[in-house]
Amino acid sequence: MIYNFSISSFYSFLTTCLFILANSTAQAQIQKDQIEIVRDSFGVPHIFAPTDAGVAYGLAWATAEDDFETIQMQLLPIKGLAGQVLGKQGAFFDVAVHIINPKAQVEANYDKDLSPSFKTILESYTQAINTYAALHPKEVLHKDLFPAQAQDIIQAYVVGMALLSSADKPLMQILGNKVSEVGYNETRGSNAFAVNSNKTSDGNTYIAINSHQPLEGLNSWYEAHLCSEEGWNIVGANFVGGVSIFHGTNEYLSWAHTVNHPDFVDIFQLEMHPSKKGLYKYDNEWIPLEPNPIKAKIKLLGFIPFGIKQKIYTSKFGTTFQTKEGTFAIRMTANHSIKTAEQWYRMNKATSYTSFREALDMQGITCTNIVYADGQDTIFYISNGLLPKRHPDYDWKKVVPGISSDVLWDSFYPIDSLPQVLNPSGGYVFNCNHSPFLSADSTSNPVEANIPVTMGYQGKDILTNRGERFAELIGQYDRINYDEFKALRADRSYSKPMDSAPRLEVLFNLDPKQYPHLASSIQLLSAWNRSFDENSMEAPIVILVLNHLFSNGISTPDLYSGSKLTESKLITALEFAEKHLDKHFGSKQVPLQAFQIHSRDQVYLPFAGGPDVMAAVYSRIQKNGTVRPIAGDSYIQMVQWTAEGPIIESINAYGASNVKGNAHHTDQMELFTNQAFKPMSLDKEKVYQAAERIYNPK
């Protein structure tokens, strides 16, 4: 929703003038008439400019045209304004950013940790956002948000890394007085896999870039093609507000990310002085906590902000809270580097495995798996992360006593120490958010015993259905062709039996005689082929069962062990599913194509797929009883590396524009639901020949 602040003509004029004065030097450096935004038939922006800085300006401008609101959503909590725009939910983001404290890292390290050339790119990108804001004041969510600074962009990257590494989970547990629950592993979606000439029938190398992210809003994908005369030429996607591509394909190589789950966040319990308030024990001394308060302003009535003060402190271990359960400090790796944005930019411009690996050595991207493939038949997997060297005598899966310098980590393992596989003999690498020790053929997997336990990596028992299915399917081929490779990515089935998360095997083996009132559904599930295809009558039941379980205290980690998936809970969930289908459809047997609907504006399309199948779909129940996909398959890129270079296909969930009424707001939906793709090209001449529109940014 865009908030209308009724800005007067005078205020608009004044804002524009102030902006021009503040950015006059930067304005002179960018020759906007040499930057061209070329929109293809699907509205995807291809940005061409002589310099990388010019491309960054064009990317920011095109992104603002397509989704200025989400750019602002990234910046609001950085400036402590989310609560004033979004209310209580926004205030939580303001507090979270205060706790992550990216500002301190950026202020301390911006000048020394980022190269001058990359700072120029940041400044150019920020200049474009500020120009757009000045020229479109009615779209601005808060009058104090602009002008933005390059440092604000870097702070947003730090926060993004913290959230991708699940730093928000222990934070919420501390504030909710549930510290005893800290330490679980959680899975989030995404698939990535690559095969080389050891496995392909044509001798080419293939890669599937198949993330499972929200379909809309923050952390949804924005596709673009960036091309300069300084060697930047890449097609892929980023999260709105990114200054480069986050994963995709350039002229030499491709890579994909999936979320990984080693130990990126630690909780320390401080020992407080028995009688003197505010003192904690550290190396046999009593040291005072430093106040670090925040007053989050919340917009409640009209535009009058209401402040809520949150008591926060700082100790040697990090941001510290006094709770009913004790005094706890949170320490995370994500806010120990500000190089994320520049590392992604260097990966964009890598020309070989060697230069790509040099970019990884920056360790600015502090989490996520990486699957890589290139035109030289190289495939590679790494469970990437910035992981601290922790004291081996403590159980870092639990809360650690914060009483001495022994546990206060400040150094990190180099990239070479992390689980990884380069050119395995079996010819494939993969990750579907499962254990890194199951990332290739059985003879080539990383050796778990070689990785320090304190890194907190998931063991081989942590396996998703997607990981299990990939291993099953790839194992059927001695050699695989490209069509088979694409079909593998599009698989919609659960393994049988299910030896992985979600552990629903009990559900498929219930006794109908014991539960006669559910006999028809039990018999249906027992005979199910485990496929979430469009005609499946079983798929809606399973989707509703999982929805009910999640709504009643079953967490994603519970789906790994299955220990909480008792028969009684499954029966209750099955009863819910039957009642729901009866109420809204008048039948207990409803085909998936009538139940799961991909929708936006006035477009409604049946959508096959389900939770944790390869072609994953995660849906939310709607008022009319159907479910609407909100996450899962989102931006997908499929690439064949041939002797002539990469052949690239891609698709996104809705379209290139997030502006309602725009022709490209929904135009990829039909292809998306049919698991079809559109061709993409790195060839400048081909892009111009097929252009729908060519123009300069302002």
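Analyst: The backbone oxygen of N369 lies 3.3 Å from a polar atom of the H257 side chain. That is a polar contact: N or O atoms within 3.5 Å, where within protein one must be able to donate a hydrogen and the other to accept it, and residues adjacent in sequence count only if both atoms are side-chain atoms. This is a predicted model, so local features need pLDDT of at least 70 and side-chain atom pairs pLDDT 80 or more, while totals for chains, interfaces and linings use all residues. Residues are numbered from 1 along each chain as its sequence is written, and side-chain values use heavy atoms, with hydrogens and water left out.

User: Where does H257 sit, and is H257 buried or exposed?

Analyst: H257 belongs to strand 8, residues 253–258. Strands (E, at least two residues) and helices (H or I, at least four) are DSSP runs, numbered from the N terminus. For burial, read the relative accessible area: under 20% is buried, over 50% exposed, and in between partly exposed (1.4 Å probe, protein chains only). H257 has 8%, so it is buried.

User: Which residues is H257 in contact with, leaving aside neighbours within four places in sequence?

Analyst: Contact means heavy atoms within 4.5 Å. H257 is in contact with S190, F246, H247, W344, M347, T368, N369 and I370.

User: How do I read a nonpolar core, and how many residues are in the largest?

Analyst: Take the buried Ala, Val, Leu, Ile, Met, Phe, Trp, Tyr and Cys residues and join them through side-chain atoms within 4.5 Å. The largest core here has 110 residues. F68, L122, F146, I154, L226, M347 and F356 touch the most other members. Helix 3 (residues 52–75) gives the most to this core, with 13 residues. A second, separate core has 39 residues, including I462, F532, I554 and I571.

User: What does L226 touch, not counting residues up to four places away in sequence?

Analyst: Its list is I47, V55, L59, W232, N233, I234, S244, I245 and N348.

User: What does helix 3 span between its end C-alpha atoms?

Analyst: A straight helix of 24 residues would span 34 Å, whereas helix 3 spans only 23 Å. Now look for a bend, the angle between axes fitted to the seven residues ending at a residue and the seven starting there. Helix 3 bends by about 105° at D67. Helix 3 is also mostly covered, with 21 of its 24 residues buried.

User: Backbone geometry next. Which peptide bonds are cis?

Analyst: Check omega. The bond from F146 to P147 is cis, with omega near 5°. P147 lies in the loop between helix 7 (116–135) and helix 8 (150–164). A cis bond also joins A501 and P502, with omega about 0°. P502 is in the loop between helix 13 (482–489) and helix 14 (519–526).

User: Which residues other than glycine have a positive phi?

Analyst: Among them is D601, with phi near 55°. D601 sits in the loop between strand 23 (597–600) and strand 24 (603–606), and is partly exposed at 29%. D612 has phi near 65°. Its place is the loop between strand 24 and strand 25 (617–621), and D612 counts as buried at 8%.

User: Last, aromatic pairs. How many are there?

Analyst: There are 35 in the whole structure. Rings of Phe, Tyr and Trp (its six-membered ring) pair if their centres lie within 6.5 Å; planes under 30 degrees apart are stacked, over 60 edge-to-face, and the rest tilted. F48 and Y688 form a tilted pair, 5.1 Å centre to centre with 40° between the planes. F48 is in strand 2 (residues 45–49) and Y688 in helix 20 (residues 684–689), so the pair ties together parts 640 residues apart in sequence. F48 is buried at 3%, while Y688 is partly exposed at 24%. F607 and F672 form another tilted pair, at 5.2 Å and 50°. Ring pairs also link F193, Y206, Y428, F430, F470, Y482 and F485 into a cluster.

Terms used:
Expected span 1.5 Å × (residues − 1).
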